[in-house]
Amino acid sequence: MEEAVPKPIFESKTNNRLRIFFAGHQPKRYAKDWPEAQQDITKITGEYHKNAMLAVLASTDKDPGYGTLRILTPQSVVHADGAIYHSDEPAAFMFQTADCPFLIVQDDVTGKVAMGHCGKYAMKACVTGHPCGDMVSTILSHFRDTDRVNLSAYITAGICGQCYKHEQDVSQVESFYGAIDHGEDRSQGELNLIRRIKHGLRHEGVLEVNIEIDGRCTRDTPELSSYRRGDPHRGSIVVLVN
């Protein structure tokens, strides 16, 4: 399959510090070292970035780096579910994803950025052996001293609720996530991660006008890769901090 041409899908409306790319149909492998990650970032953005960084995301709560945000350093590859960056130096971060939405939050005054993978496991309210709090609250915990009106948030493309059916009894899913959508038959329900991310942001005081949502479903959008569509590739999200 010919790779889709990656295009920037979002550019911050509040300032020019952030540019976010979502490239579909990237090779289903993780870069082994930072030069390889740097090459991938250059290919996706069309620009060379000296401070290239890759975070290998956890798919489940058994994977290394699950539920953690790391302060990434230039020329690094780490296992983490997200990153924190607060520097005047330009940087480029890359994360590979299958269908899960990704959340990027920025303090529009200081320029601090925190971002994380908001998949099914990362959005659980509390998992044994890990601190309580889902990924939204984990990200926002890094802005404790920030007036919420100064925060802007962006939610990338991700699988929609209608495409994310859970065949196990709805009550089992609700024990982790709270109420989910379902019909009369409670043997199957829809888990709308994007709506849950937005709800978490609003609950934490982020203004609705400052929340941007891509809105595309990865499974329903041929240009984006989707694990649940049987796509043999991965999606790559690149966040440029200028």
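Modeller: The accessible surface of the protein chain comes to about 11,400 Å², and carbon and sulfur atoms hold 48% of that surface. Such areas come from the Shrake-Rupley method with a 1.4 Å probe, and for residues only the protein chains shown count as cover. This is a predicted model, in which local features need pLDDT of at least 70, side-chain atom pairs count only at pLDDT 80 or more, and totals for chains, interfaces and linings use all residues. Residues are numbered from 1 along each chain as its sequence is written, and side-chain values use heavy atoms, with hydrogens and water left out.

Colleague: What makes a residue of the protein chain count as buried, and what percentage of the 242 residues does so?

Modeller: Buried means under 20% relative accessible area, exposed means over 50%, and partly exposed lies in between (1.4 Å probe, protein chains only). By that rule, 51% of the 242 residues count as buried.

Colleague: What makes Val-149, Leu-207 and Val-209 a patch?

Modeller: Patches are made of residues with over 30% relative accessible area and no salt bridge, with nonpolar side chains (Val, Leu, Ile, Met, Phe, Trp, Tyr) joined within 5 Å and like charges within 9 Å. Val-149, Leu-207 and Val-209 form such a nonpolar patch on the surface, with about 270 Å² of accessible area together.

Colleague: Which residues have the most contacts inside the largest nonpolar core, and what makes it a core?

Modeller: A nonpolar core is a set of buried Ala, Val, Leu, Ile, Met, Phe, Trp, Tyr and Cys residues joined through side-chain atoms within 4.5 Å. The largest has 27 residues, and those with the most contacts inside it are Leu-103, Val-105, Ile-139, Leu-140, Ile-197 and Leu-201. Strand 8 (102-107), helix 2 (135-140), strand 10 (151-155) and helix 4 (193-203) each supply at least two residues of this core. Apart from it lies another core, of 24 residues, including Leu-72, Ala-80, Ile-237 and Val-239.

Colleague: What is Leu-201 in contact with, leaving aside its neighbours within four places in sequence?

Modeller: Contact means heavy atoms within 4.5 Å. With those neighbours set aside, the partners of Leu-201 are Leu-103, Val-105, Val-136, Leu-140, Ala-153, Ile-155, Val-206 and Ile-211. Among contacts in the protein chain between residues at least 6 apart in sequence, 64% join residues at least 24 apart.

Colleague: How many disulfides does the structure hold, and how do you know?

Modeller: The structure holds zero disulfides, a disulfide being a pair of cysteine sulfur atoms within 2.5 Å. For Cys-100, the nearest cysteine sulfur, that of Cys-118, is 8.8 Å away, and Cys-100 is in no disulfide. For Cys-217, the nearest cysteine sulfur is that of Cys-160, 3.6 Å away, and Cys-217 is in no disulfide either. Cys-217 counts as buried, at 8% relative accessibility.

Colleague: Why is the pair of Asp-99 and Arg-228 called a salt bridge?

Modeller: A salt bridge is a side-chain nitrogen of Lys or Arg within 4 Å of a carboxyl oxygen of Asp or Glu. The closest N and O atoms of Asp-99 and Arg-228 are 3.1 Å apart, and the two form a salt bridge. Asp-99 lies in the loop between strand 7 (91-97) and strand 8, and Arg-228 in the loop between strand 14 and strand 15 (234-241), so the pair ties together parts that are 129 residues apart in sequence. Asp-99 counts as buried at 1% relative accessibility, whereas Arg-228 is partly exposed at 30%.

Colleague: How many salt bridges does the rule give, and which residues are linked in a network?

Modeller: The count comes to six salt bridges. Lys-198, Arg-202 and Glu-208 are linked in a network of salt bridges. Arg-216 and Asp-214 also meet in a salt bridge, at 3.0 Å from N to O.

How values were computed. Helix = DSSP H or I, 4+ residues; strand = E, 2+ residues; numbered from the N terminus.
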